[in-house]
Amino acid sequence: MLFEKERPYFCMRSAFKFHFSLYWVHGVGRRNKISIVEAGALEPITSFLESENPNLREYATASLLTLSVSPTNKPIIGASGAIPLLVNTLKDGSPQAKVDAVMALSNLSTHPENLSIILETNATPFIVSLLKTCRKSSKLAEKCCALIESLVGYEEGRISLTSEEGGVLAVVEVLENGTPQSREHAVGALLRMCESDRCKYREPILREGVIPGLLELTVQGTSKSQPKARTLLQLLRESPYSRAEAEPDTLQNIVCDIISQIDGDDQSGKAKKMLAEMVQVSMEQSLRHLQQRALVCTPSDMPITTCASEVSSK
């Protein structure tokens, strides 16, 4: 048994050893990450998440981020009680610890049971707080939006996001200025909300000026974000149902419907200008696509008439 005067020294020595062991964790491969968890490392790591020493909390959070990459470790970490501690780190940890915590939670959220735990801890306000203050084109914004997209798949997550001041706006800003992957998560989150209850979430989404960003995504987005943007535009119109055959349900008609319902000349004018620009870009892209097909279809040693006959015969 340790004497009272020896205990502080023992705790400092243990923390010192733990500090160096964390650096070792960050450098290991995937199989070793699994071995580390199997060896019982989670218990001391999670205990340091509760430490009053901010450096130890930071190192422990970074270690969980590294270990959470492994699919095998995800359910084990979730069952260890680490998720509520990571959410607490989002609330009052150091700036670096908050970044590592949200990235670790994003990794862990791909396991369904872990997502339920994250929902129960009401992590959305802290995730939104990080998203509002970070660069919208950063990796951190991407991870925040990925988490939000998962959380709004549940009513508790949707309510939490819309209740948080500036929550929907932060997602819209990522949709406008984020990386391609971030924009996929942002439009996916808004689409999930609107699909779950269009009457409830249509107005909060429209209010934040989402139309210009959606228009841009319909033309310049990724293969995943383009159809999501078009579907969301369809849901945001006054009537979600198709027009009569005499008036086709084109993107332009959908957007014009929405623009006519937007309050404020600034937003309406910006959306109209963006629509014109997107139509121009779409036409230019279609022309380039036709030119590329013509080049592929017409070998240099064959007359153009041959290509025309081939196309007409298909």
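A salt bridge is a side-chain nitrogen of Lys or Arg within 4 Å of a carboxyl oxygen of Asp or Glu. Lysine 139 and glutamate 142 meet that test, as their closest N and O atoms are 3.3 Å apart. The model discussed here is predicted.

**Salt bridges**

The structure holds eight salt bridges.

| Pair | Closest N and O atoms |
|---|---|
| Aspartate 92 and arginine 57 | 3.1 Å |
| Lysine 139 and glutamate 142 | 3.3 Å |
| Lysine 228 and glutamate 149 | 3.8 Å |

Take aspartate 92 and arginine 57, which form a salt bridge. Aspartate 92 sits in helix α6 and arginine 57 in helix α4, so the pair ties together parts 35 residues apart in sequence. Aspartate 92 is partly exposed, at 48% relative accessibility. Arginine 57 is buried, at 16%.

Lysine 139 and glutamate 142 share helix α10. They are three residues apart, about one turn of the helix. Lysine 139 is partly exposed, with a relative accessible area of 47%. Glutamate 142 is buried, at 13% relative accessibility.

Lysine 228 pairs with glutamate 149 in a salt bridge. This pair links distant parts of the chain: lysine 228 belongs to helix α16, glutamate 149 to helix α10, and 79 residues separate them. Lysine 228 counts as partly exposed, at 25% relative accessibility.

Salt bridges also form a network that links Glu155, Arg158 and Lys200.

**Around glutamate 149**

Is glutamate 149 buried or exposed? Its relative accessible area is 14%, so glutamate 149 is buried, the cut-off being under 20%. Leaving out residues up to four places away in sequence, glutamate 149 touches Glu184, His185, Gly188, Ala189, Arg192 and Lys228. Valine 187 is 38 residues from glutamate 149 in sequence, yet the two C-alpha atoms are 8.6 Å apart in space.

**The nonpolar core**

In soluble globular proteins, nonpolar side chains tend to be buried together. Here, the largest nonpolar core has 69 residues. Which of them touch the most other members? They are Leu131 and Leu190. This core draws at least three residues from each of domain 1 (20–121) and domain 2 (124–238).

Beyond its neighbours within four places in sequence, leucine 131 is in contact with several residues, including Ala141, Cys144, Cys145, Ile148 and Val174. Lys136 is also one of its contacts.

**Helix α6**

Helix α6 spans residues 82–92. Its buried residues are Ala82, Ile83, Leu85, Leu86, Val87, Thr89 and Leu90. They pack against α3, α4, α5, α7, α8 and α9.

Terms used
Residues are numbered from 1 along each chain as its sequence is written. This is a predicted model: local features need pLDDT of at least 70, side-chain atom pairs count only at pLDDT 80 or more; totals for chains, interfaces and linings use all residues. Side-chain values use heavy atoms; hydrogens and water are left out. Buried means under 20% relative accessible area, exposed over 50%, partly exposed in between (1.4 Å probe, protein chains only). Helices (H or I, at least four residues) and strands (E, at least two) are DSSP runs, numbered from the N terminus. Contact means heavy atoms within 4.5 Å. A nonpolar core is a set of buried Ala, Val, Leu, Ile, Met, Phe, Trp, Tyr and Cys residues joined through side-chain atoms within 4.5 Å. Domain bounds come from an automatic or database domain assignment.
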